Each structure stands twice: as C-alpha cells, then as structure tokens.
Amino acid sequence: MKTIYEAKSFVRNNIGKKVCVQVKGIRNKYEIIHGIITNCYPNVFLVKTSESRKSFTYTDVLIGNVIIQLK
C-alpha cells in the first residue's frame, strides 16, 4: 500500500473477515494476533480477538509496523 487512502480502503473492504495481524515490537520481534476486523474509524481500525479488542492505526500499516493478512 502506498497511501493512507489505500490502507483505509483495504480495511473497509474487509470488515467482518478473519485476519492475521503481525505487530512489530521491540528488537524486531512480532506479536501475531488472530481476529476479525470489526470497526473502521477515521484514524484507527479495530480487530476483535477471542479475548479482547485491539486497535491499530493506518499509519502503522503504511510504515510496516502492522502487517495484515487475510485468512
């Protein structure tokens, strides 16, 4: 994705679908989250897991700190 509009469009088109989200942490370690995209807001989107809800920004998707893969 090259622009924030493409990131928002990708998330909006996949609301309700199962995703695997990789979140880059410290020392190049990744946290893997499995869930469903539930809501899309102007600056963030929500992923519901079996235990909680996580929010991510579109900016993190653009710079590569958050990687979204459809299941």
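In which sense do β1 and β2 pair, and over how many bridges? In this predicted model, the pairing of β1 with β2 is antiparallel and runs over seven bridges.

β1 (18-24) and β2 (30-40) form a hairpin with five residues between them. Arg27, in the turn, has a positive phi of about 55°.

Ile36 has Lys48 in β3 as its bridge partner. Three residues link β2 to β3 in a hairpin.

## Helix α1

Helix α1 spans residues 4-13, and its buried residues are Ala7, Lys8 and Val11. These lie on the same side of α1 because they cover an arc of only 95° around the axis. Tyr5 and Asn13 are exposed and sit on the face turned away from that buried side.

## Nonpolar core

The largest nonpolar core contains 14 residues. Val21, Phe45, Val47, Phe56 and Ile68 have the most contacts inside this core. At least two of its residues come from each of α1, β1, β2, β3, α2 and β5. The contribution of β1, three residues, is the most from any element.

Leaving aside residues up to four places away in sequence, Val21 touches Glu31, Ile32, Ile33, Val47, Phe56, Val66 and Ile67. Among these contacts of Val21, Val47 and Phe56 are also listed with the most contacts inside the core.

Methods:
Residues are numbered from 1 along each chain as its sequence is written. This is a predicted model: local features need pLDDT of at least 70, side-chain atom pairs count only at pLDDT 80 or more; totals for chains, interfaces and linings use all residues. Side-chain values use heavy atoms; hydrogens and water are left out. Buried means under 20% relative accessible area, exposed over 50%, partly exposed in between (1.4 Å probe, protein chains only). Helices (H or I, at least four residues) and strands (E, at least two) are DSSP runs, numbered from the N terminus. The arc is that of the directions from the helix axis to the C-beta atoms. Contact means heavy atoms within 4.5 Å. A nonpolar core is a set of buried Ala, Val, Leu, Ile, Met, Phe, Trp, Tyr and Cys residues joined through side-chain atoms within 4.5 Å. Two strands pair if DSSP finds at least two bridges between them.
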